[in-house]
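My notebook is open, and I want to look a few things up while the model is on screen.

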Amino acid sequence: MQIAFWEWMVREGEGPHRVRELFSVPFKREDGPIWTFSRMGATRTRLSDGRTVSVGGEYDDSYDPDFCIYNDVIVQGPADQVEIYGYPSDCFPATDFHTATLIDERIVIVGCLGYQQSRRSGHTPVYLLDLGNYHIEEVRTVGESPGWIFKHDAELGSNGVINIRGGEVIQTKGEKQRYRRSLDDYTLDTRSWTWVRTTKRNWRQFSIAQEDGGLFVLDKHPKPEALLPRDIGYVRTSCEEWNGIRIIVAGVPISITVGVSFIDLIIEGDLPAETSQALAEEIRRLAESATASHCIFD
């Protein structure tokens, strides 16, 4: 796709907001997004000949008029060359927060967040990009896959086996979709395209929601520290994020994450059921106190 403006955007690295200022373009959602190479959730694969192959990615979030999830492949050469390859969405859909694993002259693309209407709970999208001609095709896989996974890690092992761990998966409940942490590890054999689940952790998960369907944002966004238990002894760990906290109870790691719609509690080991339930109940009560809203287990 030889479009001078797109190639300029790749070379300059400008985002839509800066471009709107430069060219006095007003914000009108009906005009559609301004194409950009400033993206989250894209992959960039460095090849031995100096090329860099970038796949997909998204700009900002749905509230922004320039929000877009891309389904293109952009190749940058060592002498500032830019080649942009576009695909029909039924051949390669909008893809972000995937992984790209280089195997010989091919890139294996695993997982995706994508647009809400495109997600298929229980299915793991896998695509194969040929670096010789940039043809891309979906791969049909068999076995026990991780489901609709994204934000995960992929590592190439021996004999063309890709190890997949971490990330999140989409689960569907009625017409609602929600994110859950992916708890187990998987392998994908690229010779037979067979998935194997390699762990069976069976960790306990609890999700806390506001009964009225409210969101844990803005004035009702409890700080993770406000959810630390008072009746159960624990030790804090140094591995924490802005929206979550990790503790150890009776030698078992526990993660508490405050999301948009849910507070997720994951018990990463063999904690007695009675202690697990007591811990979850205390965090539910603390969430109620912090948000002044009735909270329930989802």
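**Arg178 first.** I went to Arg178 and found it over the face of Phe262, at 3.8 Å from the ring centre. For a charge to count as over a ring, I need NZ of Lys or CZ of Arg within 6 Å of the ring centre and within 35 degrees of the ring normal. Arg178 also makes a salt bridge with Asp264, with 2.9 Å between the closest N and O atoms. Asp264 sits in strand E23 (residues 263-267) and Arg178 in strand E16, so this pair ties together parts that are 86 residues apart in sequence. My salt bridge rule is a side-chain nitrogen of Lys or Arg within 4 Å of a carboxyl oxygen of Asp or Glu. Helices (H or I, at least four residues) and strands (E, at least two) are DSSP runs, numbered from the N terminus.

Are the two partners buried or exposed? Arg178 is buried at 9% relative accessible area, and Asp264 is buried at 17%. I call a residue buried under 20% relative accessible area, exposed over 50% and partly exposed in between (1.4 Å probe, protein chains only).

**What I'm working with.** This is a predicted model, so I note the limits: local features need pLDDT of at least 70 and side-chain atom pairs count only at pLDDT 80 or more, while totals for chains, interfaces and linings use all residues. Residues are numbered from 1 along each chain as its sequence is written, and side-chain values use heavy atoms, with hydrogens and water left out.

**Overall.** I get three helices and 24 strands for the protein. The C-alpha trace spans about 65 × 55 × 35 Å along its principal axes. Of the 298 residues, 47% are buried.

**The sheet with E16.** I looked up where E16 belongs: an open, antiparallel sheet of three strands in the order E12-E15-E16. Strand E12 (149-150) and strand E16 (176-181) are the edges, each pairing on one side only. Two bridges join E12 to strand E15 (residues 168-173), and Ile149 has Val169 as its bridge partner in E15. Strands pair here if DSSP finds at least two bridges between them.

The structure holds 20 of them. Arg197 and Asp184 come to 2.7 Å between the closest N and O atoms. Arg197 is in strand E18 (residues 194-197) and Asp184 in the loop between E16 and strand E17 (186-189), so the link covers 13 residues of sequence. Asp184 is buried at 9% relative accessibility, whereas Arg197 is partly exposed at 23%. I also noted a salt bridge network of Asp231, Glu281, Arg284, Arg285 and Glu288.

Glu21 is exposed at 58%, and Arg18 is partly exposed at 41%.

**Rings.** How many aromatic pairs turn up in the whole structure? I count 10 aromatic pairs. Trp6 and Trp35 are stacked, 4.7 Å centre to centre with 10° between the planes. Trp6 is in helix H1 (residues 4-12), and Trp35 is in the loop between helix H2 (16-23) and strand E1 (43-46), 29 residues apart. Both Trp6 and Trp35 are buried. Phe67 and Tyr115 have centres 6.0 Å apart and planes at 90°, so I log them as edge-to-face. Rings of Phe, Tyr and Trp (its six-membered ring) pair if their centres lie within 6.5 Å; planes under 30 degrees apart are stacked, over 60 edge-to-face, the rest tilted. Ring pairs also join Phe5, Trp8 and Phe23 into a cluster.

Most residues other than glycine have a negative phi. I looked for exceptions and noted Phe97, with a positive phi of about 55°, in the loop between strand E6 (82-85) and strand E7 (99-103). Phe97 is buried at 17%. Asp104 also has a positive phi of about 55°, in the loop between E7 and strand E8 (106-110), but Asp104 is exposed at 69%.
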